[in-house]
Amino acid sequence: MSDFTLPEDKAGRLERCALFYSDIVPHNHALGLKLLDIGPAEATVELPYADFLVGNPETGVIAGGAVTTLIDAACGSAVILKLGRIQPLVTLDLRIDYLRPARPHVPLIAVAECYRSTRQVAFVRALVHQGDKSNPVASAQGTFMRLEE
Amino acid sequence: MSDAKSPSVLAELVHQVRKTRDYGRLTDAIPYTRFMGIGVENLAGEMLCRMRYTPKLIGNSFIPALHGGTLGALLESSAIFELLLQTETPRVPKVISVTVDFLRSGKAQDTFARAFITRQGRRVANVRVEAWQDDRTRPIASAHALFLLAEP
């Protein structure tokens with residue numbers, strides 16, 4: 001099972017985690033999600049602006065559902081990084097507060113941090129911004145369960 | 001932002017669809033619901049949302065299971081359509097917060113959702129939503145969401 005363990009070096013970890021943003025995870029791929037950066041228990045994921053993601057055609061603002069997917073994906077990656085190994089996870093719950101409307105034609109960036117993991121459950125928080133972390137679009141809190149292998 | 005004073009094209013469309021129940025006109029006008037295959041249907045006199053299965057909704061190819069985000073999207077869309085079509089709100093309600101509980105993994109098939117407005121105030125509406133696949137008594141996800149309605 002050693003090949004499920006993430007490499008020690010950052011480039012190797014990034015490369016391995018980026019697989020979840022390829023067509024291995026079809027919906028992440030369909031939305032165009034990109035893993036931008038990682039930390040020891042942190043993932044930064046970008047959702048590029050696209051016309052097909054618009055939830056309100058009059059304002060051009062991206063649908064909340066796409067933001068939910070962005071946050072779910074970023075949080076899942078943060079848990080994997082915290083655990084240091086690729087392991088099946090399920091999202092138990094996700095709470096999202098929408099702090100301000102997203103600006104159209106600008107990518108959304110989620111920064112998720114797994115701040116606690118136990119034998120079975122991992123706790124994650126995330127912020128979504130559009131380039132300025134001090135002016136976030138959304139904040140989120142999620143819990144994930146680690147599945148037995 | 002559209003001018004709050006003049007009725008927008010979307011508001012006019014919503015107004016018409018409330019009467020004609022030709023829900024496809026509304027869901028087709030929203031790019032994201034079209035992309036996701038989320039539609040509103042009247043089944044046995046009840047307004048439901050259906051997310052038609054396509055392979056691009058998959059999050060885990062090995063099980064296979066729907067991406068959790070797609071269930072969140074269906075629940076949130078369902079709540080918005082319930083508010084748009086069953087109340088007199090003139091504009092698209094803005095989501096304040098949403099909490100999603102994932103109860104079972106979503107299989108590679110169509111998913112249904114039904115929203116219930118638990119409270120509708122002048123400015124804020126509370127909505128509860130459940131999603132299921134084969135068996136309505138075994139929901140696969142549920143949500144409660146808060147929306148800011150347009151100022152009266």
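Which residues touch the most other members of the largest nonpolar core? Select Leu70(A), Ile71(A), Ala74(A) and Ala110(A): of the 90 residues in that core, these touch the most other members. A nonpolar core here is a set of buried Ala, Val, Leu, Ile, Met, Phe, Trp, Tyr and Cys residues joined through C-beta atoms within 7 Å; buried means 20 or more other C-beta atoms within 10 Å of the residue's own, with C-beta atoms placed from the backbone.

This is a predicted model, in which local features need pLDDT of at least 70 and side-chain atom pairs count only at pLDDT 80 or more, while totals for chains, interfaces and linings use all residues. Residues are numbered from 1 along each chain as its sequence is written, and chains are lettered from A in the order in which they are written.

Next, select helix α3 of chain A, residues 64-83. Helices (H or I, at least four residues) and strands (E, at least two) are DSSP runs, numbered from the N terminus. Of the 20 residues of α3(A), 19 are buried.

Now centre on Ala110(A). Beyond its neighbours within four places in sequence, its contacts (C-beta atoms within 7 Å) include Val45(A), Ala126(A) and Val128(A).

Move to the interface, where 34 residues of chain B are in contact with 31 residues of chain A. β5(B) gives the most to the chain B side, eight residues. Select strand β5 of chain A, residues 89-98: this strand and β5(B) pair in the antiparallel sense over five bridges; pairing requires at least two DSSP bridges. Here Asp93(A) stands opposite Asp101(B).

Conventions
The expected span of a helix is 1.5 Å times one less than its number of residues. A residue is buried if 20 or more other C-beta atoms lie within 10 Å of its own, exposed if 12 or fewer, and partly exposed in between; C-beta atoms are placed from the backbone. Two residues are in contact if their C-beta atoms, placed from the backbone, lie within 7 Å.
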